[in-house]
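Dear colleague,

I am passing on the structure we spoke about, together with some notes on what was found in it. Please read them with the sequence and the coordinates open beside you.

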Amino acid sequence: MTTYWCEHAWVPADGAVDGVLVEVDDGGRIASVSRWPVPPAGAHVLRGLVFPGFANVHSHAFHRALRGRTHGGGGTFWTWRQGMYDLASRLDPDNYLRLATAVYAEMAVAGVTAVGEFHYVHHPPGGGRYAEPNAMGEALREAATAAGIRLTLLDTLYLAGGIDTPLSPEQRRFSDGSVEAWAERALGGDSGAAIHSVRAVPRAAIAEVVSLVDGRPLHVHVSEQPAENEACVAAYGLTPVRLLAESGALGPHTTAVHATHLSAADIEALGSTRTAVCFCPTTEADLADGIGPARELVDAGSPLSLGSDQHAVVDPLAEARALEHGERSRTGQRGRFTPDELVGALTSAGHAALGSPDAGVLAAGAPADLVAVRLDSPRTAGCLPAQVVYAATASDVHTVVSNGRVIAADGQHGTLGDVGALLGAAIEELWA
Ligand SMILES: [Zn+2]
């Protein structure tokens with residue numbers, strides 16, 4: 001039995017409280033949580049405020065190599081996408097293992113203990129098959145294991161270059177060619193599933209996927225850009241959300257990613273079916289997507305989680321704050337989400353969207369994932385623990401425990417070391 005004593009910790013119902021002892025069993029799960037005013041002998045002391053582990057619900061690991069390389073000349077979402085295709089064409093299972101290991105290590109030091117990898121670079125450039133058809137997905141699994149974080153591989157179906165549009169040459173490696181071939185490759189193990197978008201998956205195929213996924217997490221990009229809505233309405237007479245609804249794709253196992261440009265009827269369709277939504281605020285700002293109706297979705301019934309998507313920023317605390325700041329800018333009102341709701345989006349709602357509804361909470365039975373945040377840094381000194389989510393950054397995360405084990409401390413990864421050096425080497429190799 002390992003014990004962690006937290007100077008302050010974020011616990012169910014009460015939020016930030018003082019003096020909490022967390023006992024961890026040999027399987028890496030929390031055995032007990034109790035109030036304990038001073039550290040008992042032998043406990044691992046975690047100063048500051050300890051949150052449950054953060055879930056990064058939406059990741060494309062390779063996009064990290066685009067950070068700081070897409071801003072020349074301004075550009076648009078669509079010119080950014082062209083740069084992403086260039087990068088995707090350079091990936092193979094070996095270099096993707098090195099890149100993803102570095103990216104997941106960056107997440108680990110930022111407090112992420114579980115990631116949802118929306119994975120669509122399945123096949124060799126041009127569209128053949130690797131000898132091991134899941135070689136790219138296996139590289140991602142190995143990378144997450146090396147970084148010490150849990151991975152939900154959201155194996156993504158990608159069939160078309162747009163509605164009624166064939167795949168472009170650079171998109172061919174994303175496609176299995178049919179739902180049957182995708183399911184045969186992707187659904188043999190414990191993977192979650194994803195529909196890339198209503199652009200890349202035709203109407204009939206969406207319904208076929210729904211019949212196959214059988215309770216696995218199902219994620220889908222929805223209405224990130226107005227152009228997607230316009231194309232969908234022109235082709236089907238339905239918004240993307242309505243198209244998904246009529247295909248049976250909405251429900252509590254489904255997560256709609258972005259959900260930026262929605263009608264009132266779309267919000268009602270998502271909320272009334274308890275479909276989850278994942279916002280990626282730093283990406284949505286970086287790509288000029290817009291600000292989605294987060295509060296309205298939660299009020300309608302949709303659980304809300306967060307993702308770093310293209311990794312222009314990897315900082316879960318910054319995502320939570322950007323969510324609230326977006327709401328404030330959009331509505332002219334402060335306090336659109338309570339601190340407890342923001343922490344829930346970072347933790348319990350996120351893990352649930354990744355198929356682990358028991359995770360992301362400091363309670364007996366949950367995986368022992370702890371994120372300790374300094375309260376004495378230049379950013380956080382003087383903050384009330386209950387409100388530090390409005391001020392802290394990933395730089396204030398000093399210790400990260402995943403499944404009961406310390407995986408990162410003081411910005412260094414426990415086994416992989418200096419994350420900046422890892423990232424620099426992996427990214428330089430790709431662009432060389
Ligand atoms: Zn995405």
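How many bridges join strand 1 to strand 2, and do the two run parallel or antiparallel? Nine bridges join strand 1 to strand 2 (residues 15-24), and the two strands run antiparallel. Please keep in mind throughout that this is a predicted model.

**The domains**

The chain is divided into domain 1, made of 2-52 + 366-411, and domain 2, made of 54-353. The C-alpha centres of domain 1 and domain 2 lie 29 Å apart, and the contact takes 20 residues from domain 1 and 19 residues from domain 2. On the side of domain 1 that touches domain 2, strand 4 (44-52), strand 14 (397-402) and strand 15 (405-409) each supply at least two residues. Sorted by class, that side of domain 1 has 13 nonpolar, five polar and two charged residues.

Eight strands form an open sheet with mixed pairing, in the order 3-2-1-4-13-14-15-16. Its edge strands are strand 3 (30-35) and strand 16 (412-413), each of which pairs on one side only.

Within this sheet, strand 1 and strand 2 form a hairpin with three residues between them, and Ala 13 in the turn has a positive phi of about 75°. The bridge partner of Tyr 4 is Val 22 in strand 2. A hairpin is also formed by strand 2 and strand 3, with five residues between them, and here Gly 28 in the turn has a positive phi of about 85°. Strand 2 and strand 3 run antiparallel and are joined by five bridges, and Glu 23 stands opposite Ser 32 in strand 3. Strand 1 (residues 2-11) and strand 4, by contrast, run parallel and are joined by five bridges, with Leu 49 in strand 4 as the bridge partner of His 8.

An open sheet of eight strands with parallel pairing has the order 5-6-7-8-9-10-11-12. Strand 5 (54-59) and strand 12 (304-306) stand at its edges with a single partner strand each, so one side of each is left without a neighbour in the sheet. On average, and with direction ignored, neighbouring strands of this sheet are turned by 25° against each other.

**Helix packing**

Helix 11 also packs with helix 12 (residues 339-346), at an angle of about 130° and with their axes 10 Å apart; helix 11 and helix 12 are therefore oblique to each other. Helix 11 passes helix 12 in a right-handed crossing. The contact is made by Pro 316, Ala 320, Leu 323 and Glu 324 of helix 11 and by Leu 342, Ala 345 and Leu 346 of helix 12, and these residues divide into six nonpolar, no polar and one charged.

Helix 2 (residues 93-109) and helix 14 (residues 419-431) have axes that come within 9 Å and cross at roughly 150°, which makes helix 2 roughly antiparallel to helix 14. The crossing of helix 2 with helix 14 is left-handed. Among the residues that meet there are Arg 98, Leu 99 and Ala 102 in helix 2 and Leu 422, Leu 423 and Ala 426 in helix 14. The residues of this contact divide into 10 nonpolar, two polar and three charged.

The axes of helix 2 and helix 3 (residues 135-147) come within 8 Å and cross at roughly 35°, and helix 2 passes helix 3 in a right-handed crossing. The residues that meet include Tyr 96, Leu 97, Ala 100 and Tyr 104 in helix 2 and Met 136, Ala 139, Leu 140 and Ala 143 in helix 3. By class, the residues of the contact of helix 2 with helix 3 are 15 nonpolar, one polar and one charged. Thr 101 and Ala 105 of helix 2 are listed in the contact with helix 14 and also in the contact with helix 3.

Conventions
Residues numbered from 1 in each chain as written. Predicted model: local features only at pLDDT ≥ 70, side-chain atom pairs only at ≥ 80, totals over all residues. Axes fitted to C-alpha atoms, helices over the stretch in contact; angles between N-to-C directions. Helix = DSSP H or I, 4+ residues; strand = E, 2+ residues; numbered from the N terminus. Parallel < 35°, antiparallel > 145°, perpendicular 65-115°, else oblique. Left-handed = near helix turned anticlockwise from the far one by under 90°. Contact = placed C-beta atoms within 7 Å. Nonpolar A, V, L, I, M, F, W, Y, C, P; charged D, E, K, R; others polar. Domains from an automatic or database assignment. Pairing = 2+ DSSP bridges.
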